[in-house]
Structures are given as C-alpha cells and as structure tokens.
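This report goes through one protein chain, from its overall layout to selected residue pairs. The sequence and the model come first.

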Amino acid sequence: MPYGYYFDPTYILVLIGVVLSLIASANVKSTFARFSKVRANCGYTGAQVAEMILRNKGINDVPVRHVSGDLTDHYDPSKKVVNLSDSVYSSTSIAAISVAAHECGHAIQHNVGYVPLSLRSAFVPVANFGSKISWILIIAGIILSYNQTLISIGIICFSFAVLFQIITLPVEFNASARALDCINDYGIVSTNEHRSAKKVLSAAALTYVAAAASGLLQLLRLILLFGGRRRD
C-alpha cells in the first residue's frame with residue numbers, strides 16, 4: 001500500500017467517519033426506544049396515522065403495509081407503498097406515529113413530483129454500480145503497478161455513491177418537515193408531543209448526515225492517497 005508497513009495517517013479520516021456513524025446510530029436507537037414507551041394522546045397507531053395523512057392529502061393509490069423487522073420502515077416509490085415495521089405499524093407511541101408520518105412525507109413528495117426525490121430515484125442504479133465497481137477498479141489499479149487511470153476511474157465511481165448520500169439529505173429533511181406539518185395540522189399531536197416527534201425525526205436525520213460525512217471523508221482519503229499520484 002502507499003505507506004508500506006508504516007502508519008497511514010489518512011486512516012484518521014476513516015476512523016472519524018466510523019465514530020460519527022456509530023454515534024448517530026446509537027442516538028437514533030436510544031431516541032426511538034425512549035419515545036416508543038410514550039403513548040400518543042390521540043391513541044392512533046402508526047398505520048392509522050399513515051392512512052389519515054394519505055387520505056387528507058388526497059393520495060388514494062398508496063396502501064400502507066406491514067413489514068417485518070425493526071426500523072425497516074420505508075416508502076417504495078416503484079410500487080407506491082408505505083411499509084411500516086413491527087415497532088411502528090400497530091404501535092400508538094410518539095416514535096411510531098413520527099416514523100409513519102415521515103414515510104408518508106416521502107409519498108407526498110412522490111405525489112407532488114418533488115425534484116430531489118425524483119433525482120435520487122433516478123440515481124440509485126448509478127450509485128449501486130459505483131459502489132460495487134469502485135474498489136475493484138482501485139485494487140486492480142494498485143496491483144497493476146499503480147495504474148493511475150484505473151484508480152482514478154475507481155475514485156470517480158466511488159464519488160457516485162457519495163453523491164447519492166448527499167442527494168438523500170434534502171429528501172429526508174423535507175420528508176420530516178412534511179411529516180411534522182401533517183401531524184400538527186391534523187391534530188394528531190399536541191404541542192409537547194410535537195416537540196417529542198421532532199426529536200425522533202431529528203435523530204433519524206442525523207444518521208443520513210453521518211453517512212454522507214463518512215462517505216465524503218472516505219472519498220477525501222482516496223484522493224489524498226491516489227489522486228494524481230504516480231508510482232514507479
């Protein structure tokens with residue numbers, strides 16, 4: 001590798017990214033667990049809240065379905081389905097209705113043609129290809145006497161995956177903003193519950209911020225190690 005058997009100082013960038021991701025992950029899990037124990041005054045389940053939001057927004061072609069797992073909630077734009085996990089679908093907690101509303105936020109984005117969501121959906125195959133092929137090209141370039149062309153193409157492919165993470169940020173933040181507006185406007189939560197719901201959604205958003213930051217740090221490391229370097 002570039003520094004032989006000596007310490008590679010760029011590993012610090014990777015370490016920072018790992019720490020950020022671990023902190024964000026621990027934070028969202030602890031926040032969700034905390035507010036999963038707090039029952040919402042409205043008494044609605046996550047599924048009922050999702051159906052209410054979709055109905056009030058005039059979105060009648062998006063079903064709400066139950067999926068197995070924990071925090072596996074997601075909106076599938078290709079099938080137009082809001083999928084809610086075990087801990088959200090039938091729960092009446094603040095955490096559950098917050099997550100359910102967030103996924104409906106994505107359905108609303110899709111319904112109104114929110115550009116960042118469309119861009120993210122279109123970029124998925126590019127990002128997947130880039131993340132799979134990037135390290136193959138970089139390693140092949142290293143093996144082939146540090147072939148700068150292969151390495152540079154690999155770095156560019158890796159940047160596609162990082163760009164996808166960056167595009168994801170406004171999509172997630174906007175979905176949370178729409179979710180908070182809906183549960184507030186439709187009287188689903190009180191003022192105090194609104195603040196609690198915001199804490200849940202903010203904690204979840206930080207995981208995307210951490211992922212984007214980690215990806216950028218890894219990309220910076222690759223550029224520092226291989227960008228423009230020539231080997232004999």
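The text below covers the fold, the sheet, a helix pair, the salt bridges and one further residue.

**Overall layout**

The structure is a predicted model. Its chain has 7 helices and 3 strands, which follow one another along the sequence in the pattern α-α-β-β-β-α-α-α-α-α. Taken along the principal axes, the C-alpha atoms fill a box of roughly 70 × 35 × 25 Å. The chain has 232 residues, of which 44% count as buried. Among the contacts with a separation of 6 or more, 72% are between residues 24 or more positions apart.

**The sheet**

The 3 strands make up an open sheet with mixed pairing, and their order in it is S1-S3-S2. Strand S1 (64-66) and strand S2 (74-76) are at the edges; each has a single partner strand, so one side of each has no neighbour in the sheet. From one strand to the next, the twist averages 30°.

S1 pairs with strand S3 (residues 81-84) in the parallel sense, over 3 bridges. Arg-65 is the residue that stands opposite Asn-83 in S3. Helix H4 (residues 94-112) lies across S2 and S3, and runs at about 25° to S2.

**Packing of H4 and H6**

Two packed helices are described by the angle between their axes and the distance between the axes. For H4 and helix H6 (residues 148-185), the angle is about 105° and the axes are 7 Å apart. H4 is therefore roughly perpendicular to H6, since angles of 65 to 115 degrees count as such.

On the H4 side, the contact is made by Ala-101, His-102, Gly-105, His-106, Ile-108, Gln-109 and Val-112. The residues they meet in H6 include Val-171, Glu-172, Ala-175, Arg-178 and Cys-182. By class, the contact of H4 with H6 has 8 nonpolar, 6 polar and 2 charged residues.

**Salt bridges**

| Pair | Closest N and O atoms |
|---|---|
| Lys-80 and Asp-61 | 2.4 Å |
| Glu-172 and Arg-120 | 3.0 Å |

The pair of Lys-80 and Asp-61 forms a salt bridge and links distant parts of the chain, 19 residues apart: Lys-80 is in the loop between S2 and S3, and Asp-61 is in the loop between helix H2 (46-56) and S1. Lys-80 has a relative accessible area of 28% and is partly exposed. Asp-61 also counts as partly exposed, at 45% relative accessibility.

Glu-172 in helix H6 and Arg-120 in helix H5 (residues 115-143) are 52 residues apart, and the pair links distant parts of the chain. Are these residues buried or exposed? Glu-172 counts as buried because its relative accessibility is 5%, under the 20% limit. Arg-120 is buried too, with a relative accessible area of 16%. Glu-172 is also one of the H6 residues that H4 meets.

**Phe-129**

Helix H5 also holds Phe-129. With a relative accessible area of 52%, Phe-129 is exposed, because exposed means over 50%. Phe-129 and Ala-211 are 82 residues apart in sequence, and their C-alpha atoms are 18 Å apart in space.

Key:
Residues are numbered from 1 along each chain as its sequence is written. This is a predicted model: local features need pLDDT of at least 70, side-chain atom pairs count only at pLDDT 80 or more; totals for chains, interfaces and linings use all residues. Side-chain values use heavy atoms; hydrogens and water are left out. Two strands pair if DSSP finds at least two bridges between them. Helices (H or I, at least four residues) and strands (E, at least two) are DSSP runs, numbered from the N terminus. Axes are lines fitted to C-alpha atoms, for helices over the stretch in contact, and angles run from 0 to 180 degrees between N-to-C directions. Contact means heavy atoms within 4.5 Å. Angles under 35 degrees count as roughly parallel, over 145 as roughly antiparallel, 65 to 115 as roughly perpendicular and the rest as oblique. Ala, Val, Leu, Ile, Met, Phe, Trp, Tyr, Cys and Pro count as nonpolar, Asp, Glu, Lys and Arg as charged, and the others, Gly among them, as polar. A salt bridge is a side-chain nitrogen of Lys or Arg within 4 Å of a carboxyl oxygen of Asp or Glu. Buried means under 20% relative accessible area, exposed over 50%, partly exposed in between (1.4 Å probe, protein chains only).
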